[in-house]
Amino acid sequence: MYKFVKNYGVAIIILTIIVKVILFPLTYKSMASQQKLSGLQPKLKELQDKYKDKPEILNKETMNLYKKEGINPLGGCLPLLLQMPILIAMYQLLNNMVALKGAEFLWIKDLSRPDEILNFPFTIPLVNIYSLNILPSLWWWCR
């Protein structure tokens, strides 16, 4: 991509769009399956109330309901699991790319580093956040 656009920031955006377009069928299938499962929640709740003391019968009736409705209970997570190796590989590629060192894009002076606007004198435990960054903040505000 960089050979065509001569800007690493734009090349990363184009690569991201291409990957999202390629993975769209898996994402769509996962979302559709999750939507079908959420539509079954009232029926599942009825079964849980009816067979709350009989877990074997509850499991059997739940599977019968899934079969009757044509729903695979793993249909929501399986497509997402198939996407994970691709997304992890893309992250590793960009995270270890030496050519991004010193490359500028918009307000970011170095694409190999976080776009810090404020460094905290402490680190937030468990998430290892030590600065306020623009791009994650923009994503959070725009969602």
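What volume does the largest pocket have? The largest pocket has a volume of about 1,200 Å³. The model is predicted: local features need pLDDT of at least 70, side-chain atom pairs count only at pLDDT 80 or more, and totals for chains, interfaces and linings use all residues. Residues are numbered from 1 along each chain as its sequence is written, and side-chain values use heavy atoms, with hydrogens and water left out.

**Largest pocket**

- Of the 27 residues lining the largest pocket, the closest to its centre are Ile 12, Leu 94, Leu 111, Leu 135 and Pro 136.
- H2, H5 and H6 are the elements that give two or more residues to this lining.
- H2 supplies the largest share of the lining, 7 residues.
- A pocket is an open set of points on a 1 Å grid over the protein atoms alone, where a 1.4 Å probe fits, with protein on both sides within 12 Å along at least five of seven lines; lining residues have an atom within 4 Å of a point.
- The volume is the space filled by probe spheres set on the points, which are joined across faces, edges and corners.

**Salt bridges**

- The structure holds 2 salt bridges (a side-chain nitrogen of Lys or Arg within 4 Å of a carboxyl oxygen of Asp or Glu).
- Glu 69 and Lys 43 pair through their side chains, at 3.1 Å from N to O.
- This pair links distant parts of the chain, 26 residues apart: Glu 69 belongs to helix H4 (residues 55-69) and Lys 43 to helix H3 (residues 41-50).
- Glu 69 counts as partly exposed because its relative accessibility is 33%; Lys 43 counts as partly exposed at 37%.
- Lys 45 forms a salt bridge with Asp 49, with the closest N and O atoms 3.6 Å apart.
- Lys 45 and Asp 49 are 4 residues apart in helix H3, so about one helical turn separates them.
- Lys 45 is partly exposed at 47% relative accessibility, and Asp 49 is partly exposed at 45%.

**Helices and exposure**

- Helices here are DSSP runs (H or I, at least four residues), numbered from the N terminus.
- Buried means under 20% relative accessible area, exposed over 50%, and partly exposed in between (1.4 Å probe, protein chains only).
- Ser 33 sits in helix H2 (residues 8-39) and is buried, with a relative accessible area of 10%.
- Leaving out residues up to four places away in sequence, Ser 33 touches Asn 72, Gly 75 and Gly 76 (contact means heavy atoms within 4.5 Å).
- Lys 3 belongs to helix H1 (residues 2-5) and is exposed, at 71% relative accessibility.
- Cys 142 is in helix H6 (residues 134-142) and is exposed, with a relative accessible area of 65%.

- Met 84 lies in helix H5 (residues 78-95) and is partly exposed, at 40% relative accessible area.

**Backbone and distances**

- Lys 6 lies in the loop between H1 and H2 and is exposed at 57% relative accessibility.
- Phi of Lys 6 is near 60 degrees, a positive value in a residue other than glycine.
- Lys 3 and Ile 71 are 68 residues apart along the chain, and 45 Å separates their C-alpha atoms.
- Cys 142 and Leu 23 are 119 residues apart along the chain, with their C-alpha atoms separated by 22 Å.
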